[in-house]
Amino acid sequence: MSIELIDIYKSFGPKEVLKGFTLTVPEGDTVSLVGFSGSGKSVALKHVVRLLSPDSGVVRVDDQDVAGLSRHELYELRRQVGFVFQFAALFDSMTIRENLSMGLIKQGTHTEAEIEQRINESLNMVELEGFEDRMPAELSGGQRKRAGLARAIAFRPKYLLYDEPTSGLDPVTTTVIDRLILKMKKELGVTSLVITHDMKSADRVSDRVAMLFEGRIIEEGTPDEIAKSENPIVRGFVDGEPELVEQGRLDQ
Ligand SMILES: Nc1ncnc2c1ncn2[C@@H]1O[C@H](COP(=O)(O)OP(=O)(O)OP(=O)(O)O)[C@@H](O)[C@H]1O
Ligand SMILES: [Mg+2]
């Protein structure tokens with residue numbers, strides 16, 4: 001039960017964002033997708049649940065070809081895939097409880113008591129117990145990200161997609177979120193794809209790291225292998241050296 005993106009091409013008008021992008025997340029693993037801002041990480045992630053469709057290429061999740069799913073099947077798939085959005089994407093006019101319960105109520109398969117219990121469990125898991133009645137505006141950035149994660153896990157998904165779960169957070173809060181990602185894997189057994197540009201985070205949470213550059217994965221390996229990579233583009237990215245990246249690009 002893996003996530004597979006195979007030879008994906010995606011353009012917006014004349015702008016080619018993905019050009020032969022291939023990435024697999026094996027069942028139970030956590031894979032981090034790293035790359036420069038604007039390189040197409042979020043675009044790639046959105047293909048997993050058909051928020052975007054490829055111009056060509058195949059997306060396979062849970063052994064299903066995502067392009068071929070009916071509306072109903074797509075809806076079923078999305079219930080299995082928790083999406084933690086880049087900017088938390090909570091509804092500002094709703095309490096945290098309402099934000100978390102909305103999807104479960106819509107699903108129509110749980111009693112009120114079950115939903116309440118699910119919410120409590122999910123908030124406990126991200127250490128936000130007691131925050132049910134707060135409004136999103138009353139939360140810090142880090143708490144909001146955790147609330148976004150709680151909403152994603154309230155469905156008990158098999159897969160979790162995290163879009164920059166730690167961007168804009170201080171190093172300690174980042175570590176807290178990273179530990180949560182590890183906890184989700186350990187306690188819920190989820191298969192996860194994490195977008196980040198924080199190499200330290202990638203190192204902590206991932207089984208494997210893949211780097212996106214100019215539309216495709218230019219290197220993939222364990223965090224250790226990536227840290228030791230001799231590819232100048234990867235080196236430049238890891239060490240924050242634009243000259244190295246530019247040289248690597250010209251040499252390609
Ligand atoms: N719906 C869209 N319509 C048109 N262009 C888009 C759309 N979504 C993304 N893009 C473009 O695709 C490119 C990649 O965007 P994307 O959001 O995937 O970058 P990213 O790697 O996630 O960057 P960041 O690290 O800053 O979040 C950008 O040039 C962006 O402007
Ligand atoms: Mg993004």
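**Helix packing and the ligand shell**

The model is predicted: local features need pLDDT of at least 70, side-chain atom pairs count only at pLDDT 80 or more, and totals for chains, interfaces and linings use all residues. Residues are numbered from 1 along each chain as its sequence is written, while chains are lettered from A and ligands numbered from 1 in the order in which they are written.

The chain has 10 helices and 10 strands. Both are DSSP runs numbered from the N terminus (helices H or I, at least four residues; strands E, at least two). The C-alpha atoms fill a box of roughly 60 × 45 × 35 Å along the principal axes. For 252 residues, a compact globule would have a radius of gyration near 18 Å, and the chain agrees, with 18 Å. The radius is taken over C-alpha atoms, and the globule rule is 2.2 Å times the number of residues to the power 0.38.

Two packed helices are described by the angle between their axes and the distance between the axes. Axes are lines fitted to C-alpha atoms over the stretch in contact, and angles run from 0 to 180 degrees between N-to-C directions. Angles under 35 degrees count as roughly parallel, over 145 as roughly antiparallel, 65 to 115 as roughly perpendicular and the rest as oblique.

α3 and α4 (residues 112–125) pack at about 130°, with axes 10 Å apart. The two are therefore oblique to each other. Arg-97, Leu-100, Ser-101, Leu-104 and Ile-105 of α3 meet Ile-115, Arg-118, Ile-119 and Ser-122 of α4 (contact: C-beta atoms, placed from the backbone, within 7 Å). This contact has 5 nonpolar, 2 polar and 2 charged residues. Ala, Val, Leu, Ile, Met, Phe, Trp, Tyr, Cys and Pro count as nonpolar, Asp, Glu, Lys and Arg as charged, and the others, Gly among them, as polar.

α3 (residues 96–107) also packs with α5 (residues 141–153), at about 25° and with axes 8 Å apart. That makes α3 roughly parallel to α5. This crossing is right-handed. Ile-96, Asn-99 and Leu-100 of α3 make the contact with Ala-147, Ala-150 and Arg-151 of α5. The residues divide into 4 nonpolar, 1 polar and 1 charged.

α5 packs in turn with α6 (residues 171–188), at about 10° and with axes 11 Å apart. α5 is thus roughly parallel to α6. On the α5 side, the contact is made by Gly-142, Lys-145, Leu-149 and Ile-153; on the α6 side, by Thr-173, Ile-177, Leu-180, Met-184 and Leu-188. It holds 6 nonpolar, 2 polar and 1 charged residues.

Around ligand 1 lie Phe-12, Lys-15, Val-17, Gly-35, Ser-37, Gly-38, Ser-39, Gly-40, Lys-41, Ser-42, Val-43 and His-197 (C-beta atom, placed from the backbone, within 6 Å). Two or more shell residues come from each of β2 (15–25) and α1 (41–48). α1 gives the largest share, 3 residues. By class, the shell has 3 nonpolar, 7 polar and 2 charged residues.

Definitions and conventions: Left-handed = near helix turned anticlockwise from the far one by under 90°. Contact = placed C-beta atoms within 7 Å.
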